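Subject: Structure handover

Dear colleague,

Here is the structure I said I would pass on. Please look it over; my notes on what was found follow.

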Amino acid sequence: MVFNSNIMIWKTNLAAQRAWRSLMLRLNSSAAGLCSGPVSWDRSDELSTASAEKPPHTPVMLKEVLHYLDIQPAQVVLDMTFGGGGHTKAILNTVPEVTVLALDRDPTAIALAQQLAKEYSGRLKPLLSRFSELEALLSNMNIKPGSIDAVLLDAGCSSMQMDQAERGFSLSKDGPLDMRMDGERYPDMPCAADVVNTLDQQALASILSAYGEERHARKIASAIVEARRVNPITRTQQLASVVAGAFPASIVYARKDRLHRRAHVATKTFQALRIFVNDELNELHAGLCTARSALKPGGRLCVITFHSLEDRLVKRFLQGHDLSNFDQYHFSQNKRDSRKEKLVDENKECNKSSYWFPIQRKVVTPEKDDVRENPRGRSAKLRIALRQ
C-alpha cells in the first residue's frame, strides 16, 4: 500500500518534519501499515445519546463561552469542534433563531451532529472537515469571508474519542494503538502504531520531546525500540506498559495533574503521539487563520486549549505574530523561552495585532466547582478576542 505524503501538511518542528518524511518513506516501502484499511468501530453508544437530555460529554467552561461569545438572535455561529455537541446544543437552546455551522474532522461526531440537526429544523448544519480544509468548504457553500458572527474553537481530543477504547486515545483503556481523529476518512493515514514501530530512536525521542514536552524522551524512545524488537507494539496498554517499564515502579504514578491526582508516566507519550499523528498544531494554526477570515468585524472568537503548546500558539497568533513559517517557532517552553516571552509581554507594541482586540487580556480558567464536576477540563484555558 502506498501512503499519501500529502494527506497531512508539514509538522511544526524540524525534527518532526524529518520524522514524518522517514515514516512515509518506510511505510511506502512496506506492504501496509499497522492500521491500514478502514477502521470500523461501533458508533451506537454515541448516537444513542444524541437525543438524550444530557449530552455525551460535559462541555468545558460552558457558562464562560456563552458569556464571551455574546451571541444575538438570528446570528450565524461557527463551532469548529462539534465533538459531543455540548456547546452547540447550549447555543441553540439559549439563543433564538441562531444558526450553527458545526464542524468536526471525526465522522462519528458528524453522525451525531446530523442526528441532532433533526431536532432544530435547519438551524444546525453539520460540516465534516479538518481545519485546513474548512476555507475551501465554506467557499463551496457560498459562505463568504467576513460573514460569521462568532467562532468557537475547542481544541484537543473529545471525551467521546477518549472514552472509546477502539479509537486508541486512552492509555487506561486497552485498544488498538490508533489515535487518528479522522477515523475512517483516510484509511491510508499512518496511525500511532505505525509511528512507534517504524521510526528510529532519535526520531521518536524528537516527537516525545517536541509534542509531549517529555523530559525522559530518550529513555522512553529507547524502551520502545527495545520492546518492538520482540513484538510489534499495537495496543494502547502495551505501549503504556513499555513506557512504565523504563522507570522504577515507584515512578510510574509519581507525576501529578493539576488536581494533584496521580498521573501515569506514559501520559505525555500518548499526548505527543496523538499530536504528531493528527498534525494538531498545524491544524490549529490553519483553524485560527480560517476563523480570522470568516469573522465579521466585531465578531468574537473563543478558543479553548488544553495544554501549553496549544495555548502558546493561540496567544502568539492573537498577539499578531507571523506564524506562517512554523520552522521559526518551537512552542515547547524552557527557561530561556520564558524570559523572552515575559519581555515580549511587557512590550505593548509587540502585542498589538491589526486583526484582534483582546476582550479579556488574562486567560480564563475553569472555576473550582466546574473542575470538580468535570475533571477532564481541569487544564482548559480560554482566550477571547474581537475581530477588528
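Helix α4, residues 86-94, has 7 of its 9 residues buried, so α4 is largely enclosed by the rest of the structure. The buried residues of α4 are Gly86, His87, Thr88, Lys89, Ala90, Ile91 and Leu92. Please keep in mind throughout that this is a predicted model.

Next, the sheet. Seen in order, its 7 strands run β3-β2-β1-β4-β7-β9-β8; the sheet is open and the pairing is mixed. The edges are taken by β3 (124-128) and β8 (356-364), and each has a single partner strand, so one side of each lacks a neighbour in the sheet. On average, neighbouring strands are turned by 15° against each other, direction ignored.

Within the sheet, β1 (residues 76-79) and β4 (residues 148-154) run parallel and are joined by 3 bridges. Aspartate 79 has leucine 152 in β4 as its bridge partner.

- Helix α13 (residues 280-294) lies across β4, β7 (295-305), β8 and β9 (381-387), and runs at about 155° to β7.

Helix α13 also meets another helix. Its axis and that of α6 (residues 131-140) come within 7 Å and cross at roughly 30°. With angles under 35 degrees counted as roughly parallel, α6 and α13 are therefore roughly parallel to each other. On the α6 side, the contact is made by Phe131, Ser132, Leu134, Glu135 and Leu138. On the α13 side, the residues are Glu283, Leu284, Ala286, Gly287, Thr290, Ser293 and Ala294. Taken by type, the residues of this contact comprise 6 nonpolar, 4 polar and 2 charged.

Last, one residue in detail. Alanine 221 sits in helix α10 (residues 217-228). Is alanine 221 buried or exposed? Its relative accessible area is 0%, and under 20% counts as buried, so alanine 221 is buried. Leaving aside residues up to four places away in sequence, alanine 221 touches Gln201, Leu204, Ala205 and Leu208. Valine 196 lies 25 residues from alanine 221 in sequence, and the two are 8.6 Å apart in space, C-alpha to C-alpha.

Regards

Notes
Residues numbered from 1 in each chain as written. Predicted model: local features only at pLDDT ≥ 70, side-chain atom pairs only at ≥ 80, totals over all residues. Heavy atoms only, no water. Pairing = 2+ DSSP bridges. Helix = DSSP H or I, 4+ residues; strand = E, 2+ residues; numbered from the N terminus. Axes fitted to C-alpha atoms, helices over the stretch in contact; angles between N-to-C directions. Contact = heavy atoms within 4.5 Å. Buried < 20%, exposed > 50% of the residue type's maximum accessible area, 1.4 Å probe, protein only. Parallel < 35°, antiparallel > 145°, perpendicular 65-115°, else oblique. Nonpolar A, V, L, I, M, F, W, Y, C, P; charged D, E, K, R; others polar.
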